[in-house]
Amino acid sequence: MDADARFLERLRAGDEAAFVTLVARHHDAMLRLARTFVSSQAVAEEVVQDTWLGVVRGIERFEGRSSLRTWLFTILVNRARSAGTREARSVAIGDAGPAVDRARFDETGHWISPPERWVEDVEDRLGAAELAARIRAALAGMPPRQRAVVTLHDVDGLRGDEVCEVLELSPANQRVLLHRGRSHLRQALEDAFEER
Amino acid sequence: MLIGRREVVCEEVVELVTDYLEGALSRSERRRFERHLAGCPHCTEYLAQMRETIRLAGRLVPEDLSPQMRQEFSELFRRWREEEGDAAPEP
């Protein structure tokens with residue numbers, strides 16, 4: 001049994017400390033996910049609270065078929081959709097343009113302006129705090145569906161099939177959104193290095 | 001996704017990176033992708049940058065719940081439990 005499942009057992013027995021620990025473990029990720037559906041921080045916080053209310057009341061019964069986190073995120077998304085002004089199903093998949101500006105390739109599709117090398121000395125050049133700030137800013141600027149997929153997959157570490165379950169996406173659409181979002185992050189890092 | 005059996009070019013490689021990393025390419029696509037990389041230092045660097053970008057994203061640290069938020073959730077929990085107790089049918 002993993003740590004989450006143990007805290008959930010204690011929560012079922014009415015343990016307040018276990019509840020607060022579970023909230024603390026998942027609050028930031030839940031809030032970030034809620035914000036991809038609703039436009040205000042206050043509404044996002046209500047959605048997170050409402051999700052926990054459902055868990056505490058036992059309205060939502062965990063059956064252990066998925067990880068606790070995936071299950072929590074799925075409940076959250078259902079509630080965020082009801083609260084949200086944006087409808088997640090009307091996801092615009094192909095609106096974000098290519099991974100790399102077309103002008104950087106010649107008419108045969110080969111690089112004219114290839115990526116400058118930075119992988120080897122990435123942290124010497126920008127520093128961990130600056131890198132994190134750049135990534136956070138790039139995430140904040142992404143379309144909501146891309147942000148949700150990239151955050152769940154690459155930041156929170158969910159598997160692709162878990163992301164599909166939480167956001168009700170097909171595997172192909174999940175990968176398209178992941179690809180757009182990651183490409184955007186890579187470009188943001190490249191821009192940061194070029195400013196130096 | 002890739003039609004026919006021709007070689008892939010750089011502009012296509014940058015669009016296939018995520019499918020490659022997520023294991024979603026067919027065997028034939030994967031072979032052509034890797035054959036291109038073997039001869040193209042720019043796309044090799046591009047792939048390395050995408051991997052590094054993913055690694056850096058995975059290192060973002062979630063914000064801790066503030067003491068005030070902890071307190072609020074403790075109070076919510078107690079209130080929910082009381083309300084639930086009130087609503088429970090008499091035995």
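This is a predicted model: local features need pLDDT of at least 70, side-chain atom pairs count only at pLDDT 80 or more; totals for chains, interfaces and linings use all residues.
Now step back into helix 1 itself, which covers residues 3-12 of chain A. Which of its residues are buried? They are Phe7(A), Leu8(A) and Leu11(A). Looking down the axis of helix 1 of chain A, you would find these buried residues within an arc of 105°, so they line one face of the helix. An α-helix has 3.6 residues a turn, so residues three or four places apart point the same way. On the face turned away from the buried side, helix 1 of chain A carries the exposed residues Ala5(A), Arg6(A) and Glu9(A). What do the buried residues of helix 1 of chain A pack against? Their partners are helix 2 (16-35) and helix 4 (68-83) of chain A.

Chain A as a whole has nine helices and zero strands. Here are some overall values for this chain.

| Feature of chain A | Value |
|---|---|
| Span of the C-alpha trace along its principal axes | about 65 × 40 × 30 Å |
| Buried share of the 196 residues | 40% |
| Share of contacts with a separation of 6 or more that join residues 24 or more positions apart | 64% |

Chain A also has a neighbour: 35 residues of chain B are in contact with 42 residues of chain A. On the side of chain B that touches chain A, helix 1 (10-21), helix 3 (41-57) and helix 4 (67-87) of chain B each supply at least two residues. Helix 3 of chain B gives the most, with eleven residues. By type, the residues on this side of chain B divide into 17 nonpolar, six polar and twelve charged.

Conventions: Residues are numbered from 1 along each chain as its sequence is written. Chains are lettered from A and ligands numbered from 1 in the order in which they are written. A residue is buried if 20 or more other C-beta atoms lie within 10 Å of its own, exposed if 12 or fewer, and partly exposed in between; C-beta atoms are placed from the backbone. Helices (H or I, at least four residues) and strands (E, at least two) are DSSP runs, numbered from the N terminus. The arc is that of the directions from the helix axis to the C-beta atoms. Two residues are in contact if their C-beta atoms, placed from the backbone, lie within 7 Å. Ala, Val, Leu, Ile, Met, Phe, Trp, Tyr, Cys and Pro count as nonpolar, Asp, Glu, Lys and Arg as charged, and the others, Gly among them, as polar.
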